[in-house]
Amino acid sequence: MEALPTPLPGSSKPHLEKLTLGVTRILESSPGVTEVTIIEKAPAERHMISSWEQRNRCLMPEDMKNFYLMTDGFHVAWSVKLDEHIIPLGSMAINSISKLTQLNQSSIYSLPNAPTLADLEDDVCEANEDQPEKPHFDSRSVIFELDSCNGNGKVCLVYKTEKPASAQDTEIWFLDRALYWHFLTDTFTAYYRLLITHLGLPQWQYAFTSYGISPQAKQWFNMYKPITYNTDLLTEETDSFVNKLDPSKVFKSKNKTVIPKKKGPAQPTGGQKGTSGSSTSKPSSNPANAVRK
């Protein structure tokens, strides 16, 4: 059984500090943040990259090769401490070469005649001036998974041409849970910077979609604002459903003196005033029912 890499503190080694662009120090100095760990991985061998290229008939982009020659994958995780409970929050991850696999195009339910991702292909939405042509699930594109995003979607390396694919035809896209594509960057280096500057906050990839991040994720974004992040996405319609939290108060010590509540003056126990005459019946207008003296 393969031994798991040992998690290391965020700033224990200089080369790891350079790899994370110093973001671990920013996290460690943030209020409430704890357990900032980096899972150190050995550099990939050149033959591993060559084998991947031959097996998939795709040339890996040069900046991506340089990354894997420094570390075969990447994973930084951090948590927050709330009311003595440690909650895992941030995660920055890039798959190793062995897990850089092509997006599954087999049957979704692994049954005969079951639909595949290619059956979901929709040619209605094509390229426009604001966004390049979207990837295709069929043979027109070759797609590899970079990050599973903790089940919130998939970040993918996309080759926009059929095999054999050139390194110049690559882009980084986000595939949400509804299987819609959203463009992120045109190079791996640009995506890596996005990953670091967004601190691995939950659902940060949805900031690049038309519907944006969820209200719960906005709470964390307000508390731990990403570096060089467009704050307009946070302030838009924020007051209607997002509470503005102060991190220095949220993570403040909970040792407070319990002050007994003062009792007010006792209320009178007498019967309440009422209109006793409201229940009396009107006298009958029938003269036969009158009581004679």
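## Ground rules

Two strands pair if DSSP finds at least two bridges between them. Strands (E, at least two residues) and helices (H or I, at least four) are DSSP runs, numbered from the N terminus. This is a predicted model, in which local features need pLDDT of at least 70, side-chain atom pairs count only at pLDDT 80 or more, and totals for chains, interfaces and linings use all residues. Residues are numbered from 1 along each chain as its sequence is written, and side-chain values use heavy atoms, with hydrogens and water left out.

Strands pair through backbone hydrogen bonds, either parallel or antiparallel. Here, four strands form an open sheet in the order 5-6-7-8, and the pairing is antiparallel. Strand 5 and strand 8 (181–185) lie at the edges with a single partner strand each, so one side of each has no neighbour in the sheet. On average, neighbouring strands of this sheet are turned by 35 degrees against each other, direction ignored; the axes behind such angles are lines fitted to C-alpha atoms, for helices over the stretch in contact, and angles run from 0 to 180 degrees between N-to-C directions.

Strand 6 (residues 153–159) has six of its seven residues buried, so the rest of the structure largely encloses it. Buried stands for under 20% relative accessible area, with a 1.4 Å probe and protein chains only.

Strand 5 (residues 142–147) pairs with strand 6 in the antiparallel sense over five bridges. Ile-143 sits opposite Val-158 of strand 6, while Phe-144 has Leu-157 as its bridge partner. Five residues separate the two strands, strand 5 and strand 6, in a hairpin, and Cys-149 in the turn has a positive phi of about 55 degrees. With strand 7 (residues 170–176), strand 6 pairs in the antiparallel sense over seven bridges; there, Cys-156 has Trp-173 as its bridge partner.

## Helix 3 against helix 4

Now for a pair of helices. The axes of helix 3 (residues 46–56) and helix 4 (residues 62–70) come within 10 Å and cross at roughly 135 degrees. That angle makes helix 3 oblique to helix 4, oblique being what remains once under 35 degrees (roughly parallel), over 145 (roughly antiparallel) and 65 to 115 (roughly perpendicular) are set aside.

Which residues make the contact? Helix 3 brings Arg-46, Ile-49 and Glu-53, and helix 4 brings Lys-65, Tyr-68 and Leu-69, where contact means heavy atoms within 4.5 Å.

Conventions
Buried means under 20% relative accessible area, exposed over 50%, partly exposed in between (1.4 Å probe, protein chains only).
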